[in-house]
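Please consult the sequence and the structure as the points are read.

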Amino acid sequence: MRVNHILSFFLAPCRRRIISEARNQSPSIFDHPRFPPLKRRMATATYPPPPPYYRLYKDYSENPSSAPEPPPPIEGTYVCFGGNYTTEDVLPSLEEQGVPQLYPKDSNVDYKKELRSLNRELQLHILELADVLVGRPSQYAKRIGDISSIFKNLHHLLNSLRPHQARATLIHIMELQIQQRKQAVEDIKRRREEAQRLLKDAFVTLDGQ
Amino acid sequence: MDIISQLQEQVNSIAATTFNVFGTLQRDAPPVQLSLNYPDPPPSAPTTDEPKQLSADLVKAAKQFDALVAALPLSDGGEEAQLKRIAQLQMENHVIGQELHKQ
């Protein structure tokens with residue numbers, strides 16, 4: 001809404017000037033912009049001032065410990081712009097979101113099989129919805145609820161694969177790092193042997209002279 | 001893009017294709033006779049091929065989802081096996097780090 005206001009404020013005087021020039025009339029009172037002039041309007045939209053406790057850091061360059069420490073990191077839940085956030089990154093289970101869980105709740109669930117069977121269920125439900133729309137159009141709501149819960153299950157399954165992916169990435173990175181370190185060890189050994197050989201050769205040449 | 005994000009995108013595109021299919025069907029459906037009192041509806045407007053194409057798209061998207069699922073590099077290890085491997089790699093890393101330090 002504010003953007004519209006500002007845009008129309010900018011466009012309106014140009015439009016009126018063009019119209020009055022086109023009609024070859026002298027500028028009239030209609031050429032005054034409808035909104036207050038730019039300077040007064042922008043005074044309400046300046047940046048906020050810096051927080052007042054900047055004065056406590058006056059002697060920071062001489063004595064770093066005279067100023068207060070930064071606040072400790074927040075733990076638990078906190079409120080930001082009216083929304084509640086938690087600091088723990090945990091995927092909420094489906095029951096907490098009020099969605100029925102369609103795949104067996106086991107600690108080791110076979111992701112591929114479940115994803116495939118959920119996909120087939122989804123297709124069947126879509127066909128069922130098409131049939132319902134043809135035959136009994138008033139009963140669509142339940143079918144749509146079923147389809148949306150299948151989608152939520154699908155996304156939940158995929159999201160629960162993310163920790164696995166993170167661990168796999170970690171393993172991969174560590175293997176790479178071990179390989180690089182082995183390579184570095186080999187390189188250092190080789191270089192040191194070569195340096196010793198060069199020194200020995202130099203001694204031999206010096207002695208031979 | 002990694003495979004899990006691809007799978008998620010595929011799920012979303014299946015959803016989008018689904019509601020496009022139903023929207024097209026509802027928008028382009030020819031009129032139908034509801035009651036026997038009224039005469040037959042006039043012959044339908046020229047039927048386009050679009051619903052067929054959209055439903056073919058839907059089936060293709062579902063098949064691609066299956067293909068992506070098959071391509072998941074999911075080892076049967078489970079969480080404990082992965083954690084054990086991580087601990088093993090950490091020890092090996094430590095040993096090699098010390099040797100590097102000596103060198």
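Helix α5 of chain A covers residues 162-208, and its 47 residues, at 1.5 Å a residue, should span 69 Å. The end C-alpha atoms of the helix lie 69 Å apart, which agrees with that expectation. The model is a predicted one.

**Helix α5 of chain A**

- The buried residues of α5(A) are A:H164, A:R167, A:I171, A:M174, A:I178 and A:V185.
- An α-helix has 3.6 residues a turn, so residues three or four places apart point the same way.

**Extent of the contact between chain A and chain B**

- Chain A contributes 35 residues to the contact, and chain B contributes 36 residues.
- About 3,600 Å² is buried between chain A and chain B, with carbon and sulfur atoms accounting for 67% of that area.

**Polar and charged pairs across the interface**

- Three salt bridges are found across the interface of chain A and chain B.
- A salt bridge joins the side chains of A:R162 and B:D2, with an N to O distance of 2.9 Å.
- Between chain A and chain B, 13 residue pairs are in polar contact, counting pairs with both residues at pLDDT 80 or more.

**The side of chain A that touches chain B**

- The elements giving two or more residues to this side are α3 (111-135), α4 (140-160) and α5 of chain A.
- The most is given by α5(A), with 18 residues.
- By residue class, this side of chain A comprises 19 nonpolar, seven polar and nine charged residues.

Definitions and conventions
Residues numbered from 1 in each chain as written. Chains lettered and ligands numbered in written order. Predicted model: local features only at pLDDT ≥ 70, side-chain atom pairs only at ≥ 80, totals over all residues. Heavy atoms only, no water. Helix = DSSP H or I, 4+ residues; strand = E, 2+ residues; numbered from the N terminus. Expected span 1.5 Å × (residues − 1). Buried < 20%, exposed > 50% of the residue type's maximum accessible area, 1.4 Å probe, protein only. Contact = heavy atoms within 4.5 Å. Buried area = accessible area lost by both parts, 1.4 Å probe. Salt bridge = Lys/Arg side-chain N within 4 Å of Asp/Glu carboxyl O. Polar contact = N/O pair within 3.5 Å; in protein donor to acceptor, adjacent residues only side chain to side chain. Nonpolar A, V, L, I, M, F, W, Y, C, P; charged D, E, K, R; others polar.
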